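User: I am new to this structure and would like to learn how to read its features one at a time. Could you take me through it with a general idea and then the case at hand?
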Amino acid sequence: SPSPDGGSFVAACSNDARSSSIIQIWSLRTAKVSQTIRPSGTSAILSAHHNHNGSLLAGSTRDGRVQVWDVRASSDDPIMEWKAHSGPATAVIFSPDETVLFSAGADGIVAEWSAHVPGRSIASRSVRPLGDDTEGAAMGMALAAEGRYCLVAPGDLPHAVLARSSFHAAESDG
C-alpha cells in the first residue's frame, strides 16, 4: 500500500500463513526500510492502508481483527484494535474524511466502523449472493474519491458489488 505522499510503501510479511506478520514501511526515496512494526499476537496481516496524510496505518488480520497504528509513534502496539469478522479480515480502508473504516472479510461481510470508537459498528452488509452458504472471500476493496461508493471484489464470485458507504447497495455483474 503506497503512502498518500508517494514517499513510502507498506509491506506485511510473514514466514507462513499461520505466523504473525512484520510490517515494513519502505522509503521509496532511499529504497530502505524506514520503519518496522512487529504486531503482537500470532495472526498474519492480510492488508494495510494509510489514512489521508500517512500518519495512521490500518491493518486487517487472518484472525478477523482490524488494527490501527500511529506510525509517528514508532510503536508496535496498535492504538485501536477490535474483532471485525468471524473469519479472516481480508481488506481494510479509511474513508476519505477518516470518520470511518471499512473492512471486508472471508465471512462475506463488508462492515463500516467508527474511526473514533474502536469496534463500534455503524453498518454491515453481506456480499454473498442469496442462497450461497459458502464463505464469500472478499479479497479487495476500494472507495470512490468522495467516499460515497465502496467497491468490493469478492474472490470467489463472478461479479463485484458496488455499495454506498451507508450500504444501500446496487450490485453489478462483471
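User: Among the contacts in the protein with a separation of 6 or more, what percentage do residues 24 or more positions apart account for?

Analyst: Before the number, please keep in mind that this is a predicted model. Of the contacts in the protein with a separation of 6 or more, 33% are accounted for by residues 24 or more positions apart.

User: How many helices and strands does the protein have, and what share of its residues is buried?

Analyst: There are 15 strands and zero helices in the protein. Buried residues make up 46% of the 174 residues.

User: How should I read a sheet, and what is the order of the strands in the open sheet of four?

Analyst: A sheet is read by asking which strands pair and in which sense. Here the open sheet of four strands runs in the order 8-9-10-11, and its pairing is antiparallel. Strand 8 (89-94) and strand 11 (121-126) are the edge strands, each of which pairs on one side only. On average, neighbouring strands of this sheet are turned by 15° against each other, with direction ignored.

User: How many bridges join strand 9 to strand 10, and which residue of strand 10 stands opposite A104?

Analyst: Strand 9 (residues 100-105) and strand 10 (residues 109-114) run antiparallel and are joined by five bridges. Opposite A104 stands V110 in strand 10.

User: What lies between strand 10 and strand 11 in their hairpin?

Analyst: The hairpin formed by strand 10 and strand 11 has six residues between the two strands, and G119 in the turn has a positive phi of about 80°. These strands pair in the antiparallel sense over five bridges, and W113 stands opposite S121 in strand 11.

User: Which residues of the largest nonpolar core touch the most other members?

Analyst: The largest nonpolar core has 13 residues, of which A58, V68, W82, F94 and L101 touch the most other members. At least two residues of this core come from each of strand 5 (56-61), strand 6 (65-70), strand 7 (80-83), strand 8 and strand 10. Apart from it lies another core, made of eleven residues that include I93, V110, M141 and L143.

User: With which residues is V68 in contact, leaving aside its neighbours within four places in sequence?

Analyst: With those neighbours left aside, V68 is in contact with L56, L57, A58, P78, I79, M80, F94 and L101.

User: How should I read charged side chains, and how many salt bridges does a search of the whole structure find?

Analyst: Side chains of opposite charge can pair when their charged atoms come close. In this case, a search of the whole structure finds three salt bridges. One of them joins the side chains of R65 and D63, at 2.9 Å from N to O. R65 also forms a salt bridge with E81, where the closest N and O atoms are 2.0 Å apart. This pair links distant parts of the chain, since R65 lies in strand 6 and E81 in strand 7, 16 residues apart.

User: Is R65 buried or exposed?

Analyst: R65 counts as buried because its relative accessibility is 14%, which is under the 20% cut-off.

User: Which residue forms a salt bridge with D70?

Analyst: D70 forms a salt bridge with R72, and the closest N and O atoms of the pair are 3.0 Å apart. D70 counts as buried at 18% relative accessibility, whereas R72 is exposed, with a relative accessible area of 60%.

User: Where does S114 lie, and which residues does S114 touch beyond those up to four places away in sequence?

Analyst: S114 lies in strand 10 and counts as buried, at 4% relative accessibility. Not counting residues up to four places away in sequence, S114 touches W82, T99, L101, R120 and I122. The side chain of S114 also reaches the backbone nitrogen of V117 at 3.0 Å. From C-alpha to C-alpha, S114 and F102 are 9.0 Å apart in space, while in sequence they are twelve residues apart.

Terms used: Residues are numbered from 1 along each chain as its sequence is written. This is a predicted model: local features need pLDDT of at least 70, side-chain atom pairs count only at pLDDT 80 or more; totals for chains, interfaces and linings use all residues. Side-chain values use heavy atoms; hydrogens and water are left out. Two strands pair if DSSP finds at least two bridges between them. Axes are lines fitted to C-alpha atoms, for helices over the stretch in contact, and angles run from 0 to 180 degrees between N-to-C directions. A nonpolar core is a set of buried Ala, Val, Leu, Ile, Met, Phe, Trp, Tyr and Cys residues joined through side-chain atoms within 4.5 Å. Buried means under 20% relative accessible area, exposed over 50%, partly exposed in between (1.4 Å probe, protein chains only). Contact means heavy atoms within 4.5 Å. A salt bridge is a side-chain nitrogen of Lys or Arg within 4 Å of a carboxyl oxygen of Asp or Glu. A polar contact is a pair of N or O atoms within 3.5 Å; within protein, one must be able to donate a hydrogen and the other to accept it, and residues adjacent in sequence count only if both atoms are side-chain atoms.
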